[in-house]
Every structure is written in structure tokens, then in C-alpha cells.
Amino acid sequence: VQLQASGGGLVQAGGSLRVSCAASGRTLRYYAMGWFRQAPGKEREFVAAISRGGTTRIYGDSVKGRFTISRDNAENTVYLQMNSLKPEDTGVYYCAAGTYAVADSTGYDYWGQGTLVTVSS
């Protein structure tokens with residue numbers, strides 16, 4: 001499966017942004033999906049994950065209550081709605097596909113190229 005992340009951009013602190021991850025090559029419903037991010041000079045960080053059917057969703061502690069992951073299997077797309085954005089949310093956001101919705105990046109087999117989100121203070 002090939003993954004294409006999009007929707008990143010520049011937003012002010014307190015604002016909202018939705019990033020998307022479109023899949024091609026194989027239908028997305030076979031995969032659990034995850035979002036990770038990486039800020040300059042920092043390690044990749046888990047953001048959110050959703051199970052194949054969408055019934056299980058998990059979030060990183062730093063985004064709980066602010067971010068929402070969702071999926072539309074008919075559209076072959078996964079979304080990450082980001083609200084109340086903070087400057088520390090700045091980074092490249094990557095989507096990934098795997099078997100289970102887990103926080104460990106090694107649990108994902110396919111990765112998109114990333115989309116840059118910049119939150120200004």
C-alpha cells in the first residue's frame with residue numbers, strides 16, 4: 001500500500017488543522033493506521049492510531065483531548081483533526097499502516113512521506 005499525507009501548513013496557536021492520509025495500491029480497510037510526528041532535532045513521537053474497523057483509537061498523552069483520529073474506508077483515507085494547536089505540535093506528521101493500532105512505530109509496515117505542520121506562537 002502507498003500512503004500520501006497532505007493538509008499540513010502554517011497555523012496560529014489555538015487554531016485547528018486537519019491532515020489527511022490517502023492510500024493507494026490496496027484498500028485501507030485491511031490496515032490499522034497510525035499518525036506519528038517528528039520535530040526538528042527530536043525523535044519520532046506517537047500521536048494517534050485507529051484500528052481497522054475504527055472501534056479502537058489511542059492517543060499520545062500530549063495530544064489527548066485535542067486531536068481526533070478518524071477513517072473513511074470507503075474513501076481510503078485517514079484523518080487527523082488537530083484542535084487547540086500549540087507551538088510544540090510543530091513537526092512533520094507521518095501516517096503509517098500496520099496490523100494493529102499500537103503506539104510503537106515498529107508495529108507499522110508502510111509509511112507515507114509526511115506533511116509539515118507549523119504552529120506559530
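Select Cys-21 and Cys-95 to start: a disulfide (a pair of cysteine sulfur atoms within 2.5 Å) joins them, with 2.1 Å from S to S. A search of the whole structure finds 1 disulfide. Residues are numbered from 1 along each chain as its sequence is written. You are looking at a predicted model, where local features need pLDDT of at least 70, side-chain atom pairs count only at pLDDT 80 or more, and totals for chains, interfaces and linings use all residues; side-chain values use heavy atoms, leaving out hydrogens and water.

Now show the strands (DSSP runs of E, at least two residues, numbered from the N terminus). Cys-21 sits in strand β3 (residues 17-24) and Cys-95 in strand β9 (residues 91-98), so to speak distant parts of the chain, 74 residues apart. Both cysteines are buried (under 20% relative accessible area, with exposed over 50% and partly exposed in between, using a 1.4 Å probe and protein chains only).

Next, select Phe-36 and Tyr-108. Their ring centres are 5.4 Å apart and their planes meet at 75°, so this aromatic pair is edge-to-face (centres within 6.5 Å, Trp counted by its six-membered ring; planes under 30 degrees apart are stacked, over 60 edge-to-face, the rest tilted). Phe-36 belongs to strand β4 (residues 32-38) and Tyr-108 to strand β10 (residues 108-111), so the pair ties together parts 72 residues apart in sequence.

Trp-111 counts as partly exposed because its relative accessibility is 29%. With Phe-46 selected too, you have one aromatic cluster: Phe-36, Phe-46, Tyr-108 and Trp-111.

Technical notes
Helix = DSSP H or I, 4+ residues; strand = E, 2+ residues; numbered from the N terminus.
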